[in-house]
Amino acid sequence: LPPDAGPAEVDPRYGAAVVGAVPWVTNYNLLLTGDGVDQAELMSRCRRIARAVSARGGGLPAVETMALPHDRGVEVACNLLDEAASPSAA
């Protein structure tokens, strides 16, 4: 591909720089704990919650989630990939 700016040939003395950008992503991290629930059961429940909220699991469109172990419980990380498809108020 030709460059958008600058020479078409790279000078080996200087190299090349590439810049890219993606749309803004809104992220929410929720720490979930459970009194009287062992870590394995808590993780299982949080994975089900994460799946239900995500677009892949039939939840909100343009939302990706995952459940991650945390020293005080389980963190459910939610990425809103397109605020027009799933406003943060949803």
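1. Helices in this note are DSSP runs of at least four residues, numbered from the N terminus. The model under discussion is predicted. Helix 1 covers residues 39-53, and one of the two salt bridges in the structure joins residues of that helix, as the next point sets out.

2. The side chains of E41 and R45 meet in a salt bridge, with 2.9 Å from N to O. Why can these side chains be brought together along helix 1? E41 and R45 are four residues apart in the helix, so about one helical turn separates them. Side chains of opposite charge can pair when their charged atoms come close. Both partners are partly exposed: E41 has a relative accessible area of 31%, and R45 has a relative accessibility of 40%.

3. In total, the structure holds two salt bridges. R13 pairs with D11 in a salt bridge whose closest N and O atoms lie 2.6 Å apart. Are R13 and D11 exposed or partly exposed? R13 is exposed, because its relative accessible area of 64% is over the 50% cut-off. D11, at 25% relative accessibility, counts as partly exposed.

4. I49 is itself partly exposed, with a relative accessible area of 41%.

5. The largest pocket has a volume of about 200 Å³. Which residues line this pocket? The lining consists of P3, A5, G6, P7, A8, E9, V10, G15, A16, A17 and V18. By class, eight of these residues are nonpolar, two are polar and one is charged.

6. The second largest pocket holds about 170 Å³ of space. Eleven residues line the second largest pocket, and Y28, L60, C78, L80 and S88 are those nearest its centre. Strand 1 (26-32) and strand 3 (73-80) each supply at least two residues of this lining. The lining has nine nonpolar and two polar residues, with no charged residues.

7. One residue links two of the points above. As for charge, the lining of the largest pocket includes one charged residue, whereas that of the second largest pocket includes none.

Terms used:
Residues are numbered from 1 along each chain as its sequence is written. This is a predicted model: local features need pLDDT of at least 70, side-chain atom pairs count only at pLDDT 80 or more; totals for chains, interfaces and linings use all residues. Side-chain values use heavy atoms; hydrogens and water are left out. Buried means under 20% relative accessible area, exposed over 50%, partly exposed in between (1.4 Å probe, protein chains only). On a 1 Å grid over the protein atoms alone, a cavity is a set of points where a 1.4 Å probe fits but cannot get out, and a pocket is an open set with protein on both sides within 12 Å along at least five of seven lines; lining residues have an atom within 4 Å of a point. Grid points are joined across faces, edges and corners, and a volume is the space filled by probe spheres set on the points. Ala, Val, Leu, Ile, Met, Phe, Trp, Tyr, Cys and Pro count as nonpolar, Asp, Glu, Lys and Arg as charged, and the others, Gly among them, as polar. A salt bridge is a side-chain nitrogen of Lys or Arg within 4 Å of a carboxyl oxygen of Asp or Glu.
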